[in-house]
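Trainee: I'd like to go through this fold with you, strand by strand. Can we put it on the screen first?

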Amino acid sequence: MKVEPQKEHEWLQKLVGEWTYESECPTEPGKSPEKFAGSETVRSLGGLWILCEGRGEMPGGEMAAMLMTLGYDP
């Protein structure tokens with residue numbers, strides 16, 4: 001069965017691209033917040049799904065990897 005992309009699938013395509021982020025996390029009262037950064041690559045899978053692959057720092061300085069799929073089921 002061939003599925004045609006819906007308007008919701010088209011909206012997901014806005015997320016496709018290369019992204020970077022910088023953020024900060026509050027710590028103990030009176031201390032400066034921790035800062036961390038990372039990047040994410042988002043690509044389309046057949047126009048119906050997107051695949052997000054990210055890598056970056058977590059609060060505390062450890063590295064993290066992330067893999068996520070997003071889609072829409074009409």
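Trainee: How many bridges join strand β3 and strand β4?

Mentor: Quick caveat: this is a predicted model, where local features need pLDDT of at least 70, side-chain atom pairs count only at pLDDT 80 or more, and totals for chains, interfaces and linings use all residues. Residues are numbered from 1 along each chain as its sequence is written, and side-chain values use heavy atoms, with hydrogens and water left out. Strands here are DSSP runs of E, at least two residues, numbered from the N terminus, and two of them pair if DSSP finds at least two bridges between them. β3 covers residues 49–57 and β4 residues 63–71; they pair in the antiparallel sense, and the count is 9 bridges.

Trainee: In the hairpin of β3 and β4, which residue takes a positive phi?

Mentor: That hairpin has 5 residues between the strands. The one with a positive phi, near 100 degrees, is glycine 60.

Trainee: In what order do the 4 strands form the open sheet?

Mentor: β1 is joined to β2 (residues 34–45) by 9 bridges, and β2 pairs with β3 over 8 bridges. The edge strands, each pairing on one side only, are β1 (17–25) and β4. With antiparallel pairing, the order is β1-β2-β3-β4.

Trainee: What is the bridge partner of glutamate 40 in β3?

Mentor: β2 and β3 run antiparallel to each other. Their hairpin has 3 residues between the strands, with glycine 46 at a positive phi near 70 degrees. Across in β3, glutamate 40 is partnered by glycine 54.

Trainee: Which side chain meets arginine 43 in a salt bridge?

Mentor: A salt bridge here is a side-chain nitrogen of Lys or Arg within 4 Å of a carboxyl oxygen of Asp or Glu. The structure holds 2 of them. In this one the N to O distance is 3.7 Å, and the pair links strand β2 to strand β3, 10 residues apart in the chain. The partner of arginine 43 is glutamate 53.

Trainee: Is lysine 31 buried or exposed?

Mentor: Lysine 31 forms a salt bridge with glutamate 28, the closest N and O atoms being 3.8 Å apart. Buried means under 20% relative accessible area, exposed over 50%, and partly exposed in between (1.4 Å probe, protein chains only). Arginine 43 is partly exposed at 40%, and so is glutamate 53 at 38%. Lysine 31 has a relative accessible area of 54%, so it counts as exposed.
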